[in-house]
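Welcome, and please open the model in your viewer. We will go from stop to stop, selecting a few residues each time and saying what is there.

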Amino acid sequence: MSADSSANLPATLKSLPADMELVLKVIPMPADCNANGDIFGGWVMAQCDLAGSVIPARYAKGRMATVAVNEFIFKQPVRLGDILSFYSKLVRIGRTSVTVTVEVFAERFRAQGEYIKVTEATFTYVAIDDDGRPRPIEKD
Ligand SMILES: CC(C)(COP(=O)(O)OP(=O)(O)OC[C@H]1O[C@@H](n2cnc3c(N)ncnc32)[C@H](O)[C@@H]1OP(=O)(O)O)[C@@H](O)C(=O)NCCC(=O)NCCS
């Protein structure tokens with residue numbers, strides 16, 4: 001063990017982002033695990049896609065679809081028993097699309113009040129019409 005074994009530990013935060021919006025909180029269950037016993041990455045991606053859609057829905061005001069996962073980083077594993085907080089922020093409103101970032105923070109089992117950033121991602125959603133074609137976003 002090195003003299004400073006804390007150097008390899010993920011940063012633990014005492015607070016959650018003040019400049020982003022809390023859009024989802026969820027606790028993964030045993031059915032969401034992979035063969036390692038950690039939470040399956042696809043489950044985390046699905047939750048992020050749902051969380052990311054919250055802010056764009058305000059602008060699309062109707063049907064929309066995820067067109068791109070521009071970036072997705074699994075910074076730390078998600079574990080059974082974690083309480084996950086999903087924070088989101090508007091990046092860009094285009095003609096038919098809205099892009100947001102999503103950051104996910106885990107409170108480990110028996111360590112509530114301490115937050116570890118486990119995932120960060122950027123998604124783009126497109127407002128679509130009844131035929132599934134892009135439609136312009138109404139600017140208020
Ligand atoms: C979403 C969809 C209707 C867009 O159709 P399209 O013909 O690609 O539309 P366009 O090329 O006009 O692009 C529409 C918007 O998406 C944006 N876009 C398209 N591809 C993109 C990409 N790879 N990354 C970021 N933005 C993208 C465009 O910049 C445009 O935004 P803007 O109007 O704000 O400038 C079509 O791609 C689709 O149906 N995809 C499947 C969606 C889906 O099923 N999602 C769930 C996956 S399981």
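**The whole chain**

Follow the protein chain along its sequence and you will read the pattern β-α-α-β-β-β-β. That makes two helices and five strands in the protein chain; helices (H or I, at least four residues) and strands (E, at least two) are DSSP runs, numbered from the N terminus. Residue numbers start from 1 along each chain, as its sequence is written. The model is predicted, so local features need pLDDT of at least 70 and side-chain atom pairs count only at pLDDT 80 or more, while totals for chains, interfaces and linings use all residues.

Zoom out: the C-alpha trace of the protein chain spans about 60 × 30 × 25 Å along its principal axes. Of its 140 residues, 26% count as buried. Here, buried means that 20 or more other C-beta atoms lie within 10 Å of a residue's own, exposed means 12 or fewer, and partly exposed is in between, with C-beta atoms placed from the backbone. Two residues are in contact if their C-beta atoms, placed from the backbone, lie within 7 Å. Among contacts between residues at least 6 apart in sequence, 72% join residues at least 24 apart.

**The strands**

Select β1 (residues 21-26) together with β3: these strands pair in the antiparallel sense over five bridges. Strands are said to pair if DSSP finds at least two bridges between them. Look for L22, which stands opposite Y87 in β3.

A hairpin through three residues links β3 to β4. Within this pairing, F86 has V104 in β4 as its bridge partner, and K89 stands opposite T101 in β4.

Now bring in β5. Strands β4 and β5 are antiparallel too, joined by 10 bridges. T101 turns up again here, opposite T122 in β5. How many of the 11 residues of β4 are buried? Eight are, so β4 is largely enclosed by the rest of the structure.

**Helix α1**

Select residues 41-52, which form α1. The expected span of a helix is 1.5 Å times one less than its number of residues. For the 12 residues of α1 that gives 16 Å, and its end C-alpha atoms are 16 Å apart, which agrees.

Color V44, Q47, C48, A51 and G52, the buried residues of α1. They cover an arc of only 130° around the axis, which puts them on the same side of α1; the arc is that of the directions from the helix axis to the C-beta atoms. These buried residues pack against β1, α2, β3, β4 and β5. Turn to the other side of α1 to find G42 and A46, which are exposed.

M45 also lies in helix α1. It counts as partly exposed because it has 16 C-beta neighbours inside 10 Å.

**The nonpolar core**

Which residues have the most contacts inside the largest nonpolar core? They are C48, F86, V102 and V104, in a core of 26 residues. The elements that give two or more residues to this core are α1 (41-52), α2 (54-60), β3 (83-93), β4 (97-107) and β5 (116-127). β5 provides the largest share, seven residues. A nonpolar core is a set of buried Ala, Val, Leu, Ile, Met, Phe, Trp, Tyr and Cys residues joined through C-beta atoms within 7 Å.

Center on C48: not counting residues up to four places away in sequence, C48 touches F86, V102, V104, T119 and A121.

**Around the ligand**

Select the ligand and the 14 residues around it; A68, G94, R95, T96 and S97 come nearest. A residue is near a molecule if its C-beta atom, placed from the backbone, lies within 6 Å of it. β2 (64-74) and β5 are the elements that give two or more residues to this shell, and β2 gives the largest share, five residues.

**Two loop residues**

Most residues other than glycine have a negative phi. K61, in the loop between α2 and β2, has a positive phi of about 50° although it is not a glycine. K61 counts as exposed, with 11 C-beta neighbours inside 10 Å.

Finish at R110, in the loop between β4 and β5. R110 has a positive phi of about 65°, and it is not a glycine either. With 7 other C-beta atoms within 10 Å, R110 is exposed.
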